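Student: I have a model open and would like to go through its packing step by step. Can we start with the helices and then move to the strands?

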Amino acid sequence: MTRLSEAQVERALKPLTGWRREADYITKEFRFRTFLAGIRFVDAVALVAEAQEHHPDMHVVWTTVTLKIQTHDEGGLTKWDFDLARAIERDLSSSKKKAGGSTR
């Protein structure tokens, strides 16, 4: 997989609400009413990631889950990263609402 140019990264980020660029990652914070709601979200993200065969870095601090995505083999951002972010948004948008989650 080929790394994306700066312009390609910026274009790919625009439709992804709440996602931002952090160095060679795209990242987003998800906030939940309870710790367990955040953990259920992490579990759901894991299922999406397994289906995509691409796994984000996930950081849990109490009721906040931060996802960071990068194609590690390429050392930067590829189309694969944005495909995963879109799949997470598409597949988990209803579970975020049910769990009392919000994005930041």
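Student: Which residues of H2 are buried?
Tutor: This is a predicted model, so only local features with pLDDT of at least 70 are discussed. A residue is called buried when its relative accessible area is under 20%. In H2 that leaves Ala37, Gly38, Phe41, Val42, Ala44, Val45, Val48 and Ala49.

Student: What span does H2 reach from its first C-alpha to its last?
Tutor: H2 has 18 residues, and at 1.5 Å a residue the expected value is 26 Å. The model comes close to that, and the span from first to last C-alpha is 26 Å.

Student: Which residue just after H2 takes a positive phi?
Tutor: Helix H2 covers residues 35–52. Just after H2, a positive phi of about 55 degrees is taken by Glu53.

Student: Which residues have the most contacts inside the largest nonpolar core?
Tutor: That core has 24 residues. H1, E2, H2, E4 and H3 each supply at least two of its residues. The residues with the most contacts inside the core are Trp19, Ile26, Phe41, Leu67, Phe82 and Ile88.

Student: Is strand E4 largely enclosed or largely open?
Tutor: E4 consists of residues 64–69. Five of its six residues are buried, so the rest of the structure leaves E4 largely enclosed.

Student: Over how many bridges do E3 and E4 pair?
Tutor: E3 and E4 form a hairpin with two residues between them, and Trp62 in the turn has a positive phi of about 50 degrees. Val61 stands opposite Thr64 of E4. The pairing is antiparallel, and the number of bridges is five.

Student: Which residue of E4 is the bridge partner of Phe30?
Tutor: Strand E2, residues 25–31, pairs with E4 in the antiparallel sense over six bridges. Within E4, the partner of Phe30 is Val65.

Student: Is Met58 buried, partly exposed or exposed?
Tutor: Met58 is found in strand E3. Beyond four places in sequence, Met58 touches Val42, Val45, Thr66 and Leu67. Its relative accessibility is 33%, so Met58 counts as partly exposed.

Student: Which residue's side chain is joined to that of Glu29 by a polar contact?
Tutor: Glu29 lies in strand E2. With a relative accessible area of 17%, Glu29 counts as buried. A polar contact of 3.1 Å joins its side chain to that of Arg31.

Student: How many aromatic pairs does the structure hold, and what angle separates the planes of Trp19 and Phe30?
Tutor: The structure holds three aromatic pairs. Trp19 and Phe30 form an edge-to-face pair, 6.3 Å centre to centre. The angle between their planes is 75 degrees.

Student: What is the centre to centre distance of Phe30 and Phe41?
Tutor: Phe30 is buried, with a relative accessible area of 0%. Its pair with Phe41 is tilted, with 40 degrees between the planes. Phe30 in strand E2 and Phe41 in helix H2 are 11 residues apart. Their centre to centre distance is 4.7 Å.

Student: Which residues do ring pairs link into a cluster?
Tutor: Phe41 is buried at 3% relative accessible area, and Trp19 is buried at 6%. The ring pairs link into one cluster Trp19, Phe30, Phe32 and Phe41.

How values were computed. Residues are numbered from 1 along each chain as its sequence is written. This is a predicted model: local features need pLDDT of at least 70, side-chain atom pairs count only at pLDDT 80 or more; totals for chains, interfaces and linings use all residues. Side-chain values use heavy atoms; hydrogens and water are left out. Buried means under 20% relative accessible area, exposed over 50%, partly exposed in between (1.4 Å probe, protein chains only). Helices (H or I, at least four residues) and strands (E, at least two) are DSSP runs, numbered from the N terminus. Two strands pair if DSSP finds at least two bridges between them. A nonpolar core is a set of buried Ala, Val, Leu, Ile, Met, Phe, Trp, Tyr and Cys residues joined through side-chain atoms within 4.5 Å. Contact means heavy atoms within 4.5 Å. A polar contact is a pair of N or O atoms within 3.5 Å; within protein, one must be able to donate a hydrogen and the other to accept it, and residues adjacent in sequence count only if both atoms are side-chain atoms. The expected span of a helix is 1.5 Å times one less than its number of residues. Rings of Phe, Tyr and Trp (its six-membered ring) pair if their centres lie within 6.5 Å; planes under 30 degrees apart count as stacked, over 60 as edge-to-face and the rest as tilted.
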